[in-house]
Amino acid sequence: LLPDGAEPAASLADSHGPAVRHAVDALPDTLRIVVLLKFVEGFSHAEIAELLGIGRGTSEVRLFRAIRQLRKTLGA
């Protein structure tokens with residue numbers, strides 16, 4: 001569920017392995033979109049906030065929560 005015009009770059013599976021891709025795919029939409037926009041597309045939190053119509057702090061919190069969930073899922 002990317003905003004209009006925002007497409008994931010290379011597949012996460014290509015660059016990080018299928019386990020990471022599966023873990024990212026399992027994230028709730030609100031967390032997954034921030035991960036993709038930040039790490040795949042390279043947007044700043046300010047840009048993500050503007051794209052999604054959320055505050056910069058909300059973007060940061062969602063990324064923190066996503067990383068925490070990914071670490072738990074991947075056993076890192």
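**Ground rules.** I am working with a predicted model, so I kept in mind that local features need pLDDT of at least 70, that side-chain atom pairs count only at pLDDT 80 or more, and that totals for chains, interfaces and linings use all residues. Residues are numbered from 1 along each chain as its sequence is written, and side-chain values use heavy atoms, with hydrogens and water left out.

**Entry: I33.** I looked up where I33 sits and found it in helix α3, residues 29–40. Helices here are DSSP runs of H or I with at least four residues, numbered from the N terminus.

**Entry: R21 and D25.** My next stop was helix α2, residues 18–25, which holds both R21 and D25. Their side chains meet in a salt bridge, at 3.0 Å from N to O. The two residues are separated by about one helical turn, because they are 4 residues apart in the helix. R21 is partly exposed at 30% relative accessibility, and D25 is partly exposed too, with a relative accessible area of 40%.

**Entry: D29 and R32.** Back in helix α3, I found D29 and R32, whose side chains form a salt bridge of 2.3 Å, N to O. They are 3 residues apart, so about one helical turn separates them. What is the relative accessible area of R32? I wrote down 16%, so R32 is buried, whereas D29 is partly exposed at 37%.

**Entry: E60 and R56.** For this pair I turned to helix α5, residues 56–74, where E60 and R56 lie 4 residues apart, about one turn of the helix. I noted a salt bridge between their side chains, 2.9 Å from N to O. E60 counts as partly exposed because its relative accessible area is 34%. R56 is partly exposed as well, at 48% relative accessibility.

Definitions and conventions. Salt bridge = Lys/Arg side-chain N within 4 Å of Asp/Glu carboxyl O. Buried < 20%, exposed > 50% of the residue type's maximum accessible area, 1.4 Å probe, protein only.
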